[in-house]
Amino acid sequence: MTVVVPMRADEFRCSRCFLVYHRSQRVCGHEEQDICRECA
Ligand SMILES: [Zn+2]
């Protein structure tokens, strides 16, 4: 079993920079992808 980045239930991985952020940093409205504020 390979674990790249430990993620908690309240975190998500950005589809652009592939970093893990708290879900409060997620920006909605980008189709079905999770995008962080830095990439929005
Ligand atoms: Zn990002």
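## Order of elements

Read from the N terminus, the elements of the protein run β-β-β-β. This is a predicted model. Its secondary structure comes to four strands and zero helices.

## Burial and contacts

The protein has 40 residues, and 8% of them count as buried.

Contacts can also be sorted by how far apart the partners sit in sequence. Take the contacts between residues at least 6 apart in sequence: 3% of these join residues at least 24 apart.

## A look at Phe18

Where is Phe18 found? Phe18 lies in the loop between β1 and β2. Strand β1 covers 11–13, and strand β2 covers 20–22.

The backbone of Phe18 deserves a look. Phi of Phe18 is near 60°. That is a positive value, and Phe18 is a residue other than glycine.

Is Phe18 buried or exposed? Phe18 has 11 other C-beta atoms within 10 Å. A residue counts as exposed if that number is 12 or fewer. Phe18 is therefore exposed.

## Phe18 and Ile35

Phe18 can also be placed relative to Ile35. Along the chain, Phe18 and Ile35 are 17 residues apart.

Technical notes: Residues numbered from 1 in each chain as written. Predicted model: local features only at pLDDT ≥ 70, side-chain atom pairs only at ≥ 80, totals over all residues. Helix = DSSP H or I, 4+ residues; strand = E, 2+ residues; numbered from the N terminus. Buried ≥ 20, exposed ≤ 12 C-beta atoms within 10 Å, placed from the backbone. Contact = placed C-beta atoms within 7 Å.
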